[in-house]
Amino acid sequence: MNTTTVIQISKEDLYDFLSEINKQQLTSKRVERYLTVDEVIKLTGKVRSTLWSWEHKGYLVPSRLGKEIRYLESDVLRLMGRKEDHNEF
């Protein structure tokens, strides 16, 4: 059994509604940054071998572009939060 519902809305209300959704989407978007190995070392206070270990344990997954290695900033920050919460590393 199919039923149809009709809702009437003014152009102004529809415009206001869509404008509000658009504002929420714009403010919720976060530009993701990729960090170099040196930036991660500086941010975490760790050494390269620790980053290598985290990679091989699956804690931190790098992105590679040729010889360049980059880490998502959000992954590094999440890992640092987990480290502080649980002392896993």
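Visitor: Which residues does Met80 touch, not counting residues up to four places away in sequence?

Guide: This is a predicted model: local features need pLDDT of at least 70, side-chain atom pairs count only at pLDDT 80 or more, and totals for chains, interfaces and linings use all residues. Residues are numbered from 1 along each chain as its sequence is written, and side-chain values use heavy atoms, with hydrogens and water left out. Contact means heavy atoms within 4.5 Å. With residues up to four places away in sequence set aside, Met80 touches Leu43 and Thr44.

Visitor: How far apart are the C-alpha atoms of Met80 and Leu43?

Guide: Met80 sits in helix α4. Along the chain, Met80 and Leu43 are 37 residues apart. Their C-alpha atoms are separated by 9.4 Å.

Visitor: Is Met80 buried, partly exposed or exposed?

Guide: Buried means under 20% relative accessible area, exposed means over 50%, and partly exposed lies in between (1.4 Å probe, protein chains only). Met80 has a relative accessible area of 21%. Therefore Met80 is partly exposed.

Visitor: And Thr44: buried or exposed?

Guide: Thr44 lies in helix α2. Leaving aside neighbours within four places in sequence, Thr44 is in contact with Trp54, Val76 and Met80. Its relative accessible area is 16%, so Thr44 is buried.

Visitor: Which backbone oxygen does the side chain of Thr44 reach?

Guide: The pair lies 2.8 Å apart. A polar contact is a pair of N or O atoms within 3.5 Å; within protein, one must be able to donate a hydrogen and the other to accept it, and residues adjacent in sequence count only if both atoms are side-chain atoms. The backbone oxygen reached by the Thr44 side chain belongs to Val40.

Visitor: At what angle do helix α2 and helix α3 pack?

Guide: Helix α2 covers residues 37-44 and helix α3 covers residues 48-57, with axes 10 Å apart. Axes are lines fitted to C-alpha atoms, for helices over the stretch in contact, and angles run from 0 to 180 degrees between N-to-C directions. The angle is about 100 degrees.

Visitor: Which residues of α3 do the α2 residues meet?

Guide: From α2 come Val37, Asp38, Val40, Ile41 and Thr44. The residues of this contact divide into 5 nonpolar, 1 polar and 2 charged. On the α3 side are Arg48, Leu51 and Trp54.

Visitor: What pattern does the protein chain follow along the sequence?

Guide: Helices (H or I, at least four residues) and strands (E, at least two) are DSSP runs, numbered from the N terminus. The protein chain has 4 helices and 3 strands. Read along the sequence, the pattern is α-β-α-α-β-β-α.

How values were computed. Nonpolar A, V, L, I, M, F, W, Y, C, P; charged D, E, K, R; others polar.
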